[in-house]
Amino acid sequence: MLPSPPSLLFTHLHSNPNFLVRTRLMKGEGRMAFKSRLKWVGLLGLCLSVLSLFTHFLLARYGISSDFHSSTITIFSWRPIFDHHPLLPTTSPLYRRLWGPVKHLESLHPHANPRGNFAAPKLPSNGYIFVRIQGGFHEIRNGICDAVVVARLLNATLVIPELQSTTSSKGISSQFKSFAYLYNEDQFMVALAEHVKVEKTLPKHLKGARRKKTIPSFKAPFSASPYYYIHNVLPVLTKHSVVELVISEGGCLQAVLPSNLEELQRLRCRVAFHALRFREEVQELAKRLLYRLQARRPFIAYDPGMTRDALAYHGCAELFQDVHTELIQHRRAWMLKRGMVKGKLSVNSSEQRLNGSCPLMPEEVGILLRAYGYSWDTIVYVAGGEIFGGRRTLIPFHAMFENVVDRTSLSTYWELHRIYGREANLDPHPRPPKSPPLSKEDRKIDPWTTGPRPRPLPPPPARPKSYNIEGWWGWVAESDNEPEASVVELRTNAHKLLWEAIDYIICVEADVFIPGFDRDGKGHPSFAGLVMGHRLYQSAASRTYRPNRKEIVKLLDENQDHMYQANQTWLRSIRRQMRKSLLDGLTEASTKSKAISFLSHPVPECSCLGSENATISAHANPPYSQLHSLLGPVRRCPAWMTKGDSVSEFNSKETEEDLDEPDYLAGLFFGNGSSGESESGSGGASNKEETHIEDQEELEGGER
């Protein structure tokens, strides 16, 4: 009888004892191998975790994520778009039409040096002038220039002005004080050493008088005449040796001075364009952003100019919807109550828009630029410390230009915060203070404590109103009074000065500048007005569009139903208006803007003619006679400035009309494809130059 299988296995194990040992060894080796594999898997997971943490650190370090600066565009994301199309040659007619200098203004050069008998200030001075300036960026800049001229006019020693927008704000870095928060004090004093005596602080014996508020103070009226200071301020200055001036309207001296005070106008230019330099940290960041913009191709700077105060002052509330209209109307009611604006609370915004009193919306500016020939991949830098309505108002503009950038998308989080200095951490949503406990006298016997059961529930405690539940504008539905600014909002207002300083440098150096609006909440030239004036002084021939909003709105309304499929006639009308704005805008600036702010149009006092052939007179050539009517009599530059002055590269008979191209692509000029070009480009060019321009447009995609 054969044994069963288990008995066979038992017999085999007893006859071979080494088999059991080998089996146990194999099991042990298997467990060791399994444990070693687990170790390798754990080590691999640890390495991946370290790599992930390192990647997140890099993203947090070089990405852009901030409560104050949020953007989905980074430095690296938009750069490959630049390589989508090759650059236009600088000698092509299309390039000259889009980016080239304005031929009529090429001979105009900056010249703000003294030309007559402008001696150094007399010593000793008549006393000290201490200035406090209130307002925004452009109001501070105008106020500083006027304060220097007033000090020179009264032969007084100017104390470094105090900027209320920063010193009154809580939470900013303590390493920057007032004037030094925005501008370079040392540069300011050195540049004006030969013209006005400037001191950093008052003498010790006058500081105590200022603390006790015994210093005579004048609230300087806007655009006051020089005789006001000579007859009213100077006697008090000589008597008390110190006078305090409070400048709150953005300027304390009339813009257009008499002819015998023309040297004071040039002093204004020396202050604004040479002495006023931003502090080093701001200049370094602005230069870094400029390098990133200019590394590949020319760019356009665009200032929307849509601030809440400007919209309220000019009655443009109906351009927006929902709560934004309520906010604008609330500000207008506030202005009416204080006499800052005249008229009614409700204004027909459509009529204001047709009169050119309202800003051009970003979509309308995008249509102008595309209709003129700028391609969809053109770099557009959006400036301005405030764009009322938020980023959603720029969505149509983004749809027309893919390379729309600003200071937040060109810089990192740390680069921006480095210019603020060391600031204390602030809670953006502070908790409301607890109500003080009631005293024994205020405590009353409540029936809830003594009443029979079941006792009623006590009333809920009064909840303090919080206007930040639905956003900073949540107070509109609950209160007629706007809540006071929090510490975080005060700090943000101080930061806006630095943001606009960066934008100012970039806009002045841009290849093309176009404003959406150039008026502030008081009807004065705004940030864009100062930029256009600085560009006119520094490089008059650079392309600065000053669109006639009244004419532009008419053209836009005529083609409202076919805005994105424009015909040939409409395109030529838009281009004609854009070309006219390069020179005709100077006429409006000289008659309207200059009368309020000299820095918005500092010619002809601060300019000169550099070319021997560019003599402006009544019998000059038509281009120069037109320039004479625009700017007035302009003196020739000194001999040391005219050396090597080159004549325009292209023929003097060539005009802007000659640089225009045939409108074969007048159809879908907002598309990114090339089908519209091939279909609409069937007609032959009238000459070789037009054919060359059409080829360049097909290569660049200018009219697609």
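The chain holds 28 helices and 13 strands, where helices (H or I, at least four residues) and strands (E, at least two) are DSSP runs that are numbered from the N terminus. This is a predicted model, in which local features need pLDDT of at least 70 and side-chain atom pairs count only at pLDDT 80 or more, while totals for chains, interfaces and linings use all residues. Residues are numbered from 1 along each chain as its sequence is written, and side-chain values use heavy atoms, with hydrogens and water left out.

Of the 704 residues of the chain, 48% count as buried, a word that stands for under 20% relative accessible area, whereas exposed stands for over 50% and partly exposed for what lies in between (1.4 Å probe, protein chains only). The accessible surface of the chain comes to about 37,100 Å², and 55% of this surface belongs to carbon and sulfur atoms; such areas come from the Shrake-Rupley method with a 1.4 Å probe, and for residues only the protein chains shown count as cover. If we take the contacts (heavy atoms within 4.5 Å) between residues at least 6 apart in sequence, 81% of them join residues at least 24 apart.

Q187 belongs to helix α8, which covers residues 185–191, and with a relative accessibility of 27% Q187 counts as partly exposed. Although Q187 and R277 are 90 residues apart in sequence, their C-alpha atoms are 6.9 Å apart in space. When its neighbours within four places in sequence are left aside, Q187 is in contact with H274, A275 and R277.

The backbone also has some details to look for in the loops. The peptide bond from L123 to P124 is cis, with omega near 0 degrees, and P124 is found in the loop between β1 (108–110) and β2 (128–133). Another cis peptide bond joins V603 and P604, with omega at about 5 degrees, and P604 sits in the loop between α24 (568–593) and β13 (607–609).

Two further loop residues have a positive phi. N155, a residue other than glycine, has a phi near 50 degrees; its place is in the loop between α5 (137–153) and β3 (157–159), and at a relative accessible area of 18% N155 is buried. S223 is not a glycine either, yet its phi is positive at about 55 degrees. S223 lies in the loop between β6 (217–219) and α10 (226–240), and its relative accessible area of 28% makes S223 partly exposed.
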